[in-house]
Amino acid sequence: MFAKTGCKAAVVTDETQALCGILTEHDLVKYCGEKGEVNPNDVVEDVMSLDLVVVTELSKVKDAAMLMVDNNVHYLPVVNEPGHLIGFVSMMDIMMSFLDD
């Protein structure tokens with residue numbers, strides 16, 4: 001999926017749009033390195049990161065950038081008050097916002 005779309009990460013939600021995890025290229029590389037290959041029967045849940053760092057739509061861009069640096073992540077899911085996914089912000093999005101200012 002990543003190779004075909006050019007995306008580098010995907011969020012994983014349940015049927016109610018509640019955030020369950022995130023799957024990044026880094027997760028896939030690490031998983032393949034540990035196992036040596038990917039079994040066609042492996043599922044996303046086996047590979048995705050569960051320890052999530054998130055922001056809300058009211059979070060300041062500077063705070064999101066600091067969360068990325070402090071937690072060594074390049075992608076932050078954006079959630080609303082009930083914790084449902086409403087968006088996604090990348091390190092590139094953050095960089096572009098600083099350049100636009």
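The model is a predicted one, so local features need pLDDT of at least 70 and side-chain atom pairs count only at pLDDT 80 or more, while totals for chains, interfaces and linings use all residues. Residues are numbered from 1 along each chain as its sequence is written, and side-chain values use heavy atoms, with hydrogens and water left out.

Let's start with the overall layout. The protein has five helices and five strands; these are DSSP runs (H or I and at least four residues for helices, E and at least two for strands), numbered from the N terminus. Read from that end, the order is α-β-β-α-α-β-α-β-β-α.

Three strands make up an open sheet, ordered β3-β4-β5, with mixed pairing. Its edges are β3 and β5 (85-90), each of which pairs on one side only. Two strands count as paired if DSSP finds at least two bridges between them. Between β4 and β5 there are five bridges, and these two strands run antiparallel. Val79 sits opposite Leu85 in β5.

Then there is the inside. Of the 101 residues, 25% count as buried, which is to say under 20% relative accessible area, with exposed meaning over 50% and partly exposed in between (1.4 Å probe, protein chains only). A nonpolar core is a set of buried Ala, Val, Leu, Ile, Met, Phe, Trp, Tyr and Cys residues joined through side-chain atoms within 4.5 Å. The largest one here has nine residues: Val53, Val55, Ala64, Ala65, Met68, Leu76, Val78, Val89 and Ile94. Two elements, α4 (61-71) and β4 (75-79), each give two or more residues to this core, and α4 gives the most, with three. In soluble globular proteins, nonpolar side chains tend to be buried together.

Val55 is a handy member to look at. Leaving aside neighbours within four places in sequence, Val55 is in contact (heavy atoms within 4.5 Å) with Ala64, Leu67, Leu76, Pro77, Val78, Val79 and Val89.

Finally, the outside. Lys60 lies in the loop between β3 (55-56) and α4. Lys60 counts as exposed because its relative accessible area is 58%. Asp42 is 18 residues from Lys60 along the chain, and their C-alpha atoms are 37 Å apart.
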